[in-house]
Amino acid sequence: MASRHLSRSIVLQSLYEWDFSGKKTEALDGIIEKNIEEYGPGLENADFIWNLTKGIMGHISQIDKIIEKAAPEWPIEQITIVDRNVLRIGLYELLFGNKEEVPPKVAINEAIELAKNFGGESSGKFINGVLGTVYKEINQEE
């Protein structure tokens, strides 16, 4: 598994645990440290995990509003915890991440892969639909 893909998996698992346990922001750092130790022992550099998580948390209310707008028939709290957090990762990378490091289509594909690996039967299609909608909007604005 590529190091960035593993890093995104660790971020997803950490956000899932944080979201499931009541969104106590102060607990997130401990969750991440534990998950890096448990799931990424051979990971050369954890900076990507920390930068991605801090970026998501810095934009989380904005990202959640975008999710609500792009998937109006799915209130944010009704989206499964896995799908909600995959969308947060994908949207952060798509909208706020370094486009030279992670091009938009890579961000979308990585999110779809996370959804297929960790989500339900239709998670990949749902994530693809939401991120595809946002991507089309971005391209129309530019």
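This is a predicted model: local features need pLDDT of at least 70, side-chain atom pairs count only at pLDDT 80 or more; totals for chains, interfaces and linings use all residues.

Reader: What makes the contact of R88 and D19 a salt bridge?

Author: The N-to-O distance between the two side chains is 3.2 Å; a salt bridge requires a side-chain nitrogen of Lys or Arg within 4 Å of a carboxyl oxygen of Asp or Glu. R88 belongs to helix α5 and D19 to helix α1, so this pair ties together parts 69 residues apart in sequence. Through shared partners, salt bridges join D19, D64, E77, R84 and R88 into one network.

Reader: Which salt bridge do D19 and R84 form, and how are these two residues classed?

Author: Their side chains meet at 2.9 Å, N to O. The pair links helix α1, which holds D19, with R84 in helix α5 (residues 81–95), 65 residues away. D19 has a relative accessible area of 7% and is therefore buried; R84, with 3%, is buried as well.

Reader: Why are K34 and E17 classed as they are?

Author: K34 has 37% relative accessibility and so counts as partly exposed. E17, at 29%, is likewise partly exposed. The two form a salt bridge whose closest N and O atoms are 3.0 Å apart. K34 lies in helix α2 (residues 25–39) and E17 in helix α1 (residues 3–20), so parts 17 residues apart in sequence are tied together.

Reader: How many salt bridges and helices are there in total?

Author: The whole structure contains nine salt bridges. The protein chain has seven helices and zero strands, where helices (H or I, at least four residues) and strands (E, at least two) are DSSP runs numbered from the N terminus.

Reader: How do you know whether the chain agrees with a compact globule?

Author: The radius of gyration is taken over C-alpha atoms, and the globule rule is 2.2 Å times the number of residues to the power 0.38. For 142 residues a compact globule would have a value near 14 Å; the protein chain has 14 Å, and therefore agrees. Buried residues make up 47% of the 142 residues.

Note on methods
Residues are numbered from 1 along each chain as its sequence is written. Side-chain values use heavy atoms; hydrogens and water are left out. Buried means under 20% relative accessible area, exposed over 50%, partly exposed in between (1.4 Å probe, protein chains only).
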